[in-house]
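I opened my notebook to look up a few charged side chains. Here is what I wrote down, entry by entry.

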Amino acid sequence: MAALKHYKEHIHEAVAAGADLIISGAGLPVNLPELVPETCRTKIAPIVSSKRAAQLILKMWAHRYNRTADLIVIEGPEAGGHLGFSREQLDHRQIWILIRKSEILFPVKKSMRKSFQGIPVVVAGGIFDRSDIDHVLSLGADG
């Protein structure tokens with residue numbers, strides 16, 4: 001979590017311990033590539049809840065570090081935590097599953113085809129059964 005007090009130290013320890021993947025959110029993890037050398041085997045993935053956040057992180061990582069995400073996690077209001085969703089969005093979670101994911105997923109996947117091709121996109125929050133999995137996969141999610 002980018003909002004964690006000793007974020008840098010936690011990231012360095014995870015890399016030193018041989019973590020396969022670091023998924024980071026709770027704020028925009030804009031400096032994650034700086035903390036995880038490209039030469040190590042640890043992969044990096046930001047958690048986003050909007051198209052704007054995804055595009056901002058991908059652009060910033062490309063510009064500052066000449067690097068991109070190994071995976072992107074798109075989360076919804078049922079992923080838990082302080083995600084910045086309005087009360088109305090929280091009251092209509094099923095609408096989010098049907099609409100919001102495609103509002104984020106399609107533009108992210110489309111923009112990635114241009115400059116970040118091949119990055120898997122995983123959806124989190126609001127996945128309860130096989131039909132939810134099938135639905136997000138039909139929207140283009142990789143997991």
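Is Arg130 buried or exposed? I found that Arg130 is exposed, with a relative accessible area of 57%. My terms: buried is under 20% relative accessible area, exposed is over 50%, and partly exposed is in between, with a 1.4 Å probe and protein chains only.

A note on the source: this is a predicted model, where local features need pLDDT of at least 70 and side-chain atom pairs count only at pLDDT 80 or more, while totals for chains, interfaces and linings use all residues. Residues are numbered from 1 along each chain as its sequence is written, and side-chain values use heavy atoms, leaving out hydrogens and water.

Next I looked up salt bridges (a side-chain nitrogen of Lys or Arg within 4 Å of a carboxyl oxygen of Asp or Glu). By this rule I count two.

Arg130 pairs with Asp134 in a salt bridge, and their closest N and O atoms are 2.8 Å apart. Both lie in helix H6 (residues 130–138), four residues apart, about one turn of the helix. I noted Asp134 as partly exposed, at 37%. Helices (H or I, at least four residues) and strands (E, at least two) are DSSP runs, numbered from the N terminus.

Asp20 forms a salt bridge with Arg41, with 2.6 Å between the closest N and O atoms. Asp20 sits in the loop between H1 and S1 and Arg41 in the loop between H2 and S2, so the pair ties together parts 21 residues apart in sequence.

Last, I looked at Glu38, which is in the loop between helix H2 (32–35) and strand S2 (43–48). Glu38 is exposed, at 56%.
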